[in-house]
Amino acid sequence: MSTPAIDSWTTANQRYTQAALTLLRATLEQHTQPLSAGSPSIEEARLALDEIRRSLPAPAALEQIGTTFGLSAFERDLLLLCAGVELDSSFGPLCAAAHNDPSRPYPTFSLALACLPDAHWSALTPGSPLRRWRLIEVAAGSALTQSPLRIDERVLHHLAGTAHLDERLVGIVEPVQASSGLVPSHAALVERIVATMTEASSSTALPVIQLCGAETTDKRTIAAAACSTLGLRLSLLAADLVPTAAGDLEALICLWEREAALTSTALLLDCDGFDLSDTVRNAALTRLIERMQCVLIVATRERRRILGRPTLILDVHKPSHVEQRAIWQSALGATTAQLNGQVDTIVAQFDLSTATILAASAEALGHTPEQDAGAVIWNACRTHTRSRLDELAQRITPAAGWDDLVLPETQRQILREIVAHVRRRMTVYDTWGFAAKSPRGLGISALFAGESGTGKTLAAEVMAHELRLDLYHIDLSSVVSKYIGETEKNLRRVFDAAEEGGAILLFDEADALFGKRSEVKDSHDRYANIEVSYLLQRMEAYRGLAILTTNLKSAIDTAFLRRIRFVVQFPFPDAAQRAEIWRRIFPPATPTEQLDIAKLARLNITGGNIRNIALNAAFLAADAAEPVRMKHLLRAARTEYLKLEKTLTEVEAGGWQ
């Protein structure tokens, strides 16, 4: 419906520009030659221009430029003169005649001073609007007043009524499309932005809007919605595309400020993936933010300190559980009824953005009749929340079940309690009100202590399989850094990436970070305690399950143990437990013959070593085209004992063959 109005303005703008050029031509001819026959006089041309101006549905591009950049009448005529050379072939000869030199068919400042009314010298100073905003370009010449003048190409296109991004900004900035469907908590943020910008519209210092948090898509949606309400377009500039050289940075600032003024466009500076350790680019970003005088929204994970400009800082969180449930129900439509309340379970486990919910819902709506819709959605949620964490940790595909785990009943019961805490946390925290009573310590944390091979990782895998969650293994020894602040940075990246899916995080080798606190003798001791405190703080706040493993529980300070909800001691297996492990170690498809479980159980080793021996024996048997027999297990046991630097005694292996 709006196309006719746009076409009407475009046509009227072209008529206005042509009439303005006619008036300017008459002014030049008055100083260079008698009016040609049939040419309108200056007064006639002015009356025609006024008549077209009154018929315009909106201000003409030339008037808009004049108002936007504060051009005087002389500066506007000078800009039009430069445009006339590009748009009307008669202006070149007129300029040459005014110069009395056929080789100079172009405008100069001396020509403008001589021929245009209300001329003033300040129009061509570096701080004048024409040069400050790079509306015209001054070519190199012997003298400033004699140098050729040329209208900037972007300004020429705008004057002609054609929308065209400056080619110097192509590939650097890109448009952001507004999307519908704001949840109430995000709509409230939009209202705050609109109110702040509306109040500041009469001020000379526009505030910078900071949208802080990890939700990139939601921040863009909020920014686009606010700009749409304010009648602004929105474009995106990625932080890593901001130039660091001073001259290039100033050029970018000037070009964008001009683009923003010409097209009523706000800029969204995307700092979400920016590396704060890049001090050079960080300084360039700070300068850009503090100097750019236009509507500027900064999307950043952490708050940036901005000097010299008022700032509105807003924390952007994912939709609340209530809002997420509403999004799921709206997106799934009639499919919601088929889920039998599973939406609540999904909301309890996954903390998703609007975009992720819509993407997962689209997959669910495409499921076949023989597929379980709830399982399809659950798996879709797991898939959509993996990408960031896959880059930071090793994902373990859980396949083991409770029958694969050989532990005393006490330990098994604690593990089942952990599963219950993960599965029912929304009921207890939200429905029963524990979260409202005390928001601290709602994360589910556990410490698995025991020798290597006693089943700590296997237990985590069993719980992940039971809960249908992803399990990620993080080696703490590789996360801990000697550089101050790097350990916390690495841990923050892991926890932030894991929040959406609530994956089970298994931090191995906790001894690399934990230890009994001794007297703080220097800054390194003090900082080590800070690192431990940060990890525990994130574990307590993490909405999923975080597990620490250690080979030596006694090495961990009791003050730290108090902040961990569950502690599970994995004992060295006794003979009965080793026998049970041997009974379960071979898959049903593995051919075995005359295995003596009682003799195998005499090997004084952990479950991990038993698995290694069984696997090695299977390869030996397969290579010999035989079932797995005791002789294969004996050879494999000797190899494993050599690796452990232990001696295989006669008591352990006597009478095997």
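Visitor: Is F350 buried or exposed?
Guide: In this predicted model, F350 is buried, with a relative accessible area of 1%.

Visitor: And W378, buried or exposed?
Guide: W378 is buried, at a relative accessible area of 5%.

Visitor: How are the rings of F350 and W378 arranged?
Guide: Their centres are 5.0 Å apart and their planes stand at 75 degrees, so the pair is edge-to-face.

Visitor: Which parts does that pair tie together?
Guide: F350 lies in the loop between α14 (342-349) and α15 (354-365), and W378 lies in helix α16 (residues 373-384), so the pair ties together parts that are 28 residues apart in sequence.

Visitor: What lies over the face of W378?
Guide: R468 does, at 4.6 Å from the ring centre.

Visitor: Where else does a charged end sit over a ring?
Guide: The charged end of R132 sits over the ring of W133, 4.2 Å from the centre of that ring.

Visitor: Back to ring pairs. How many aromatic pairs does the structure hold?
Guide: The structure holds 7 aromatic pairs. One of them joins F74 and F109, and this pair is tilted, with 6.4 Å centre to centre and 55 degrees between the planes.

Visitor: Where do F74 and F109 lie?
Guide: F74 belongs to helix α4 (residues 73-87) and F109 to helix α6 (residues 109-115), so their pair connects parts that are 35 residues apart in sequence.

Visitor: Are those two buried or exposed?
Guide: F74 is buried, with a relative accessible area of 1%. F109 also counts as buried, at 0% relative accessibility.

Visitor: Which residues do ring pairs link into a cluster?
Guide: The cluster consists of F74, F109 and W121.

Visitor: Changing topic: how many residues of strand β10 are buried?
Guide: Strand β10 (residues 444-450) is mostly covered, as 7 of its 7 residues are buried.

Visitor: Which way do the residues of β10 point?
Guide: I444, A446, F448 and G450 point one way, while S445, L447 and A449 point the other way, and all are buried.

Visitor: Which strand pairs with β10 over 6 bridges?
Guide: That is strand β13 (residues 545-550), and the pairing is in the parallel sense. Within this pairing, A446 stands opposite I547 in β13.

Visitor: And which strand pairs with β10 over 5 bridges?
Guide: Strand β14 (residues 566-570) does, also in the parallel sense. Here L447 stands opposite V567 in β14.

Conventions:
Residues numbered from 1 in each chain as written. Predicted model: local features only at pLDDT ≥ 70, side-chain atom pairs only at ≥ 80, totals over all residues. Heavy atoms only, no water. Buried < 20%, exposed > 50% of the residue type's maximum accessible area, 1.4 Å probe, protein only. Helix = DSSP H or I, 4+ residues; strand = E, 2+ residues; numbered from the N terminus. Pairing = 2+ DSSP bridges. Phe/Tyr/Trp six-rings, centres within 6.5 Å; stacked < 30°, edge-to-face > 60°. Lys NZ or Arg CZ within 6 Å of the ring centre and 35° of its normal.
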